[in-house]
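Subject: Structure handover

Hi there,

Here is the structure I promised to pass on to you. Please have a look at it first, and then read on for my notes.

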Amino acid sequence: MRTLLVPITLFVAAHGAYVVRTFADATRYRDECVQLHAVRGSSLIDYMRQVALHTDDVDGRWCVVRCILQQAGLLEADTGDLHEPNVHAQMQHSNAIVEDPDDVRSETHRCLREPDATDGGCRRAYTFFACIQSTEYDLF
């Protein structure tokens with residue numbers, strides 16, 4: 001059995017299978033993205049609450065959300081498209097103790113469709129994130 005697991009593990013690693021991210025990963029991404037976009041930093045949770053209160057993108061807060069999603073492998077840097085399989089894997093992992101995994105998948109699917117109505121990469125990423133935040137589930 002071990003002989004079979006090693007080749008399978010190597011195959012998955014070599015073909016870029018998505019690795020779910022932790023809250024610590026997201027916090028590190030936030031720190032990097034805040035520096036990249038030169039915006040004021042705070043804890044990840046406080047920062048995301050602040051983003052939810054702003055209706056404009058003057059200070060780049062929405063772009064920090066986009067940067068976090070890109071670094072987490074949830075958003076394609078070139079096209080701005082959300083990686084649906086990665087988002088579902090991340091949500092299932094982050095909400096593993098939920099009694100109804102189908103509801104997590106349904107809410108995730110709804111939020112993946114919602115950003116299509118907005119223009120601009122930063123705002124689109126933010127709209128997706130805000131939708132997830134409006135559910136009872138966590139992204140990280």
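**What I found, starting with helix H6**

In H6, the buried residues are Val104, Thr108, Cys111 and Leu112. They lie on the same side of H6, because the arc they cover around the axis is only 100°. The partners these buried residues pack against are H5 and helix H7 (121-133). H6 itself spans residues 101-113, and its 13 residues reach 19 Å from the first C-alpha to the last, close to the 18 Å expected at 1.5 Å a residue.

Before going further, please keep in mind that this is a predicted model.

**The overall picture**

Of the 140 residues, 38% are buried. The accessible surface comes to about 8,200 Å², and carbon and sulfur atoms account for 55% of that. If you take the contacts between residues at least 6 apart in sequence, 54% of them join residues at least 24 apart.

**H4 and its crossing with H7**

H4 covers residues 61-71, and its axis comes within 8 Å of the axis of H7. How are the two helices oriented to each other? Their axes cross at roughly 75°, and H4 and H7 are therefore roughly perpendicular. On the H4 side, the residues that meet H7 are Trp62, Cys63, Val65, Arg66 and Leu69. Their counterparts in H7 are Gly121, Cys122, Arg123, Ala125, Tyr126, Phe128 and Phe129.

H4 is also largely enclosed by the rest of the structure, because eight of its eleven residues are buried. These are Arg61, Trp62, Cys63, Val64, Val65, Cys67, Ile68 and Leu69. After H4 comes Gly73, which has a positive phi, near 75°.

**H2, with one side buried**

H2 runs over residues 23-37. Its 15 residues reach 21 Å from the first C-alpha to the last, close to the 21 Å expected at 1.5 Å a residue. Buried in H2 are Asp25, Ala26, Tyr29, Arg30, Cys33 and Val34. The arc they cover around the axis is only 165°, which puts them on the same side of H2. On the face turned away from that buried side, H2 carries the exposed residues Ala24 and Gln35.

Arg28 is another residue of H2. Is Arg28 buried, exposed or partly exposed? With a relative accessible area of 41%, Arg28 is partly exposed. In sequence, Arg28 and Ile68 are 40 residues apart, while in space the C-alpha to C-alpha separation is 9.0 Å. Ile68 is one of the buried residues of H4.

**Gln90 in H5**

The last item is Gln90, which sits in H5 (residues 84-94). Gln90 has a relative accessible area of 0% and is buried. Which residues does Gln90 contact, leaving aside its neighbours within four places in sequence? They are Tyr18, Val20, Arg21, Leu74, Leu139 and Phe140. H5 is also one of the helices that the buried residues of H6 pack against, which brings us back to where these notes began.

Happy to talk any of this through with you.

Best wishes

Conventions
Residues numbered from 1 in each chain as written. Predicted model: local features only at pLDDT ≥ 70, side-chain atom pairs only at ≥ 80, totals over all residues. Heavy atoms only, no water. Buried < 20%, exposed > 50% of the residue type's maximum accessible area, 1.4 Å probe, protein only. Contact = heavy atoms within 4.5 Å. Areas by Shrake-Rupley, 256 points an atom, 1.4 Å probe, with all protein chains shown as cover. Helix = DSSP H or I, 4+ residues; strand = E, 2+ residues; numbered from the N terminus. Expected span 1.5 Å × (residues − 1). Arc of directions from axis to C-beta. Axes fitted to C-alpha atoms, helices over the stretch in contact; angles between N-to-C directions. Parallel < 35°, antiparallel > 145°, perpendicular 65-115°, else oblique.
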